[in-house]
Amino acid sequence: MKNKWRILKILVTVILFGFLLSFSLKRFNNAKMENVSINMNQTKTPVYFVDEKDIKDLVKQFNPTKKIGDVKIPELEKKINEIPFVDSANVYMNLNGNLNVDIKQRIPIFRLNKNGKDFYVDEKGVEFPISRNFSYPCMLVMGDVDASEYQELGQLVEKIDKDDFSKKYFIGIKKEKNNYNLLTSDGNYKVEIGDLENIDFKVKGFKTFVEKYLVYQNPNKYKKISVKYNNQIVTTLNPYFKENDSILRNAPKIELKLEDGSQKTEVIKAETKKPEPKPEPKKSEFKKETSKPKKVEKKSEPKKSTEKKKETSSKSSSDKKKKAKVVVE
C-alpha cells in the first residue's frame, strides 16, 4: 500500500508540474519580445559591412506579431548566414525574452580586380562583393587569378603585412602571363616573383638587392626587377631614364662587368672588389701627307694638303634594351 501511495504522489506531482510548465510556456510565447541584441564579433581591425538596422529589419520580417512564440529562429539564422558579408551567425532567445544575434563578419585578405569586376576575398578563399557603405583597407590584386590560388595568395599578403620591409615597399600585386609581379611604392619598377612558391626566399633576395645596390641609385633607373630565378636577380633597365649608362661608383663590395652581345647586360656579383673603371676610348690617330711646293714663274705661297684618317671605336646602339643580372653569393 505504501508503494502505491508513493507512485500516486509522484504521478500527481508530474501532472501538476506539466500543467504549470505548459501554462508558463503559453504565457511566455504570447508575451512580446522585449529587445533584440545584435552582437558583432570584431577583430583588431574592425569591419562594418553588416548594418545592425538591416538585421533588425530581417527580425521584423520573421516576427511580424512581435510575439516570442512567433519568432522562427532556424529560418532567421539561415537567412542571416546567406548574407555575403557574414561568415557565421548564431540566433537564440534567453529567458528574459530578449533575442540575441551573434554575427561574425568576413574579413578581406585582399581586394581582387578580375575581368573588370572588383570583389573581396577572405582568408578561406571565399569571394564576396564590395560594400557601398564600407571600404576595407587591404592589398589590391589585379589580373586573371584562378580561384585555386586564393589561399596561397592570401598567405603572401599576410607575410607582406607582417614584415615591415615588405609592407613599406609593396603596395599591390599583379598577375601577367602566369607571372606574379609585386608593385612598389618606390620608383616605377615592379618586382617579378613568378609563381607563389618560395616566397620568403624571393623577398629576402629583393631585400638584399635593395640594401647592397638599389639604395645607391635612383630607383627610376629600373623597369623590372626579377627574383623568380634561383640565386640570381635579373633587372630590366628603364629605356626612358637618361643615366642608365652610368656605372655605380659608390657602392661597396660590388664588381661590375659588361658583356658584348645582341643586348648589353650588367652582371653584378656580391664580392669585395671595387668596381673597375671603364676603359677610355683611344684617341684618333692622324696621318698627314705633305707635298712640296712647285716652282712657278709668279711667286706664290706654297700650298699644303693634308689628309686625315680617323679611327674610332664602334659603339653598340643605346636604343636596344638593356638587362642586368645580379647574382648574390
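**Contacts and overall make-up**

A contact here means heavy atoms within 4.5 Å. With that in hand, residues 24 or more positions apart account for 52% of the contacts in the protein with a separation of 6 or more. This is a predicted model, where local features need pLDDT of at least 70 and side-chain atom pairs count only at pLDDT 80 or more, while totals for chains, interfaces and linings use all residues. Residues are numbered from 1 along each chain as its sequence is written, and side-chain values use heavy atoms, leaving out hydrogens and water.

The protein has 6 helices and 15 strands, taken as DSSP runs numbered from the N terminus (helices H or I, at least four residues; strands E, at least two). Of its 329 residues, 33% count as buried, meaning under 20% relative accessible area with a 1.4 Å probe and protein chains only. The exposed surface comes to about 23,900 Å², and carbon and sulfur atoms supply 50% of it; these areas come from the Shrake-Rupley method with a 1.4 Å probe.

Strands pair here if DSSP finds at least two bridges between them; β2 and β3 (residues 98-105) are antiparallel over 7 bridges. Within β3, K104 stands opposite S88.

**Zooming in on L76**

Helix α3 (residues 73-81) holds L76. Is L76 buried or exposed? L76 is buried, with a relative accessible area of 0%. Leaving aside residues up to four places away in sequence, L76 touches L58, V59, F62, V91 and L99. N90 lies 14 residues from L76 in sequence, and their C-alpha atoms are 9.6 Å apart.

**Helix α6**

Helix α6 (residues 199-212) has 14 residues and reaches 20 Å from its first C-alpha to its last, close to the 20 Å expected at 1.5 Å a residue. That expected span is 1.5 Å times one less than the number of residues. The buried residues of α6 are I199, K202, V203, F206, T208, F209 and V210.

Conventions: Buried means under 20% relative accessible area, exposed over 50%, partly exposed in between (1.4 Å probe, protein chains only).
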